[in-house]
Amino acid sequence: MGTKRTSRSRAWVARQEKDPYVRKARASAYRSRAVYKLEQLHQKDRLFRRGMVVVDLGAAPGSWSQYAAVKVGSEGVIIAVDRLSFQPIAGVIQIQGDFMHAPVLEVLDKALDGREPDLVISDLAPNLTGVHSVDQAATEDLVVAAGRFAASRLGPKGAFVAKFFEGSQAASVRSEIGDLFQRSQVRKPSASRASSAEVYLVARNPVGGGVSVTDR
Ligand SMILES: C[S@@+](CC[C@H](N)C(=O)[O-])C[C@H]1O[C@@H](n2cnc3c(N)ncnc32)[C@H](O)[C@@H]1O
């Protein structure tokens, strides 16, 4: 077991060292290579504009919020939520907690202060157990709850971007999100490793109708 874990972590370190996006992130001020996925999604889908109100769900360690803060500029608002604490980012309102818990949602809504966000981005990922069916279900719960949050708070022209995983649950995730938004597409940015099942949904124009984050 110990030997297996050691060789797995050695392989992980070797992969990190070779990864051009890891090197690029290290050479920049960005905290994670994940930023390049968001950058590529923005290049394709024109997600950000100056002055936007953006909610970043599952924000730690913060590279997506760092990128969003640059894109929206000082006239924009970024609200970043994560169960984990992370280093402050200039111009970003940080909330620590589980976005599915009512008291955390209350704090989030207070921070929105009556504004409708223009964009909700979600790179949420559950703590993996290694049991495939459990991890798939936890991932689906997160993305659907994030979609429900987005659909219930976004303005009519708002957009939602979320990571999910291709696999046995993918059709059900797409159909649940498809019911909440008028348009949705699946993207695989090149910064997302080909060996990973992760893909991103870009959905626009919520259909509205008062959905709850915790209803399934
Ligand atoms: C892949 S990381 C996000 C990386 C981030 N986009 C970046 O660029 O730095 C996924 C995050 O989702 C958070 N997360 C998972 N479930 C959550 C929940 N229910 N509420 C808040 N955060 C959650 C985890 O704590 C983790 O930090």
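Predicted model: local features only at pLDDT ≥ 70, side-chain atom pairs only at ≥ 80, totals over all residues.

The entries below cover the cavity, then the pockets, then the salt bridges.

I listed its lining as Gln136, Thr139, Glu140, Phe164, Phe165, Gln169 and Val173, which by class comes to three nonpolar, three polar and one charged residues. When I asked which elements supply at least two residues each, I got α6 (132–153) and β5 (159–165), and the largest share, three residues, comes from α6.

I then turned to the open spaces, where the largest pocket has a volume of about 1400 Å³. Its lining has 47 residues, and those closest to the centre are Asp123, Ala125, Pro126, Lys163 and Phe165. I recorded α1 (2–18), β1 (53–57), α4 (63–72), β2 (77–82), α6 and β5 as the elements giving two or more residues to this lining, and α6 gives the most, with six residues. By class I have 20 nonpolar, 14 polar and 13 charged residues, and at least three residues of the lining come from each of domain 1 (1–30) and domain 2 (31–206).

How many salt bridges does the structure hold? I found nine, and I looked at several of them one by one.

Arg50 and Glu75 meet through their side chains at 3.4 Å, N to O; Arg50 sits in the loop between α3 (35–45) and β1, Glu75 in the loop between α4 and β2, 25 residues apart. Arg50 counts as exposed at 54% relative accessibility, whereas Glu75, at 47%, is partly exposed.

The side chains of Arg153 and Asp109 form a salt bridge at 2.9 Å, N to O. Because Arg153 lies in helix α6 and Asp109 in helix α5 (residues 102–112), this pair ties together parts 44 residues apart in sequence.

For Arg174 and Glu166 I noted a salt bridge of 2.6 Å, N to O, with Arg174 partly exposed at 34% and Glu166 partly exposed at 31%.

Finally, I recorded a network of salt bridges that links Lys37, Asp123, Lys163 and Glu198; Asp123 and Lys163 are also among the residues closest to the centre of the largest pocket.

Methods
Residues numbered from 1 in each chain as written. Heavy atoms only, no water. 1 Å grid on protein atoms, 1.4 Å probe; cavity = no way out; pocket = protein on both sides within 12 Å on 5 of 7 lines; lining within 4 Å. Helix = DSSP H or I, 4+ residues; strand = E, 2+ residues; numbered from the N terminus. Nonpolar A, V, L, I, M, F, W, Y, C, P; charged D, E, K, R; others polar. Points joined across faces, edges and corners; volume = space filled by probe spheres on them. Domains from an automatic or database assignment. Salt bridge = Lys/Arg side-chain N within 4 Å of Asp/Glu carboxyl O. Buried < 20%, exposed > 50% of the residue type's maximum accessible area, 1.4 Å probe, protein only.
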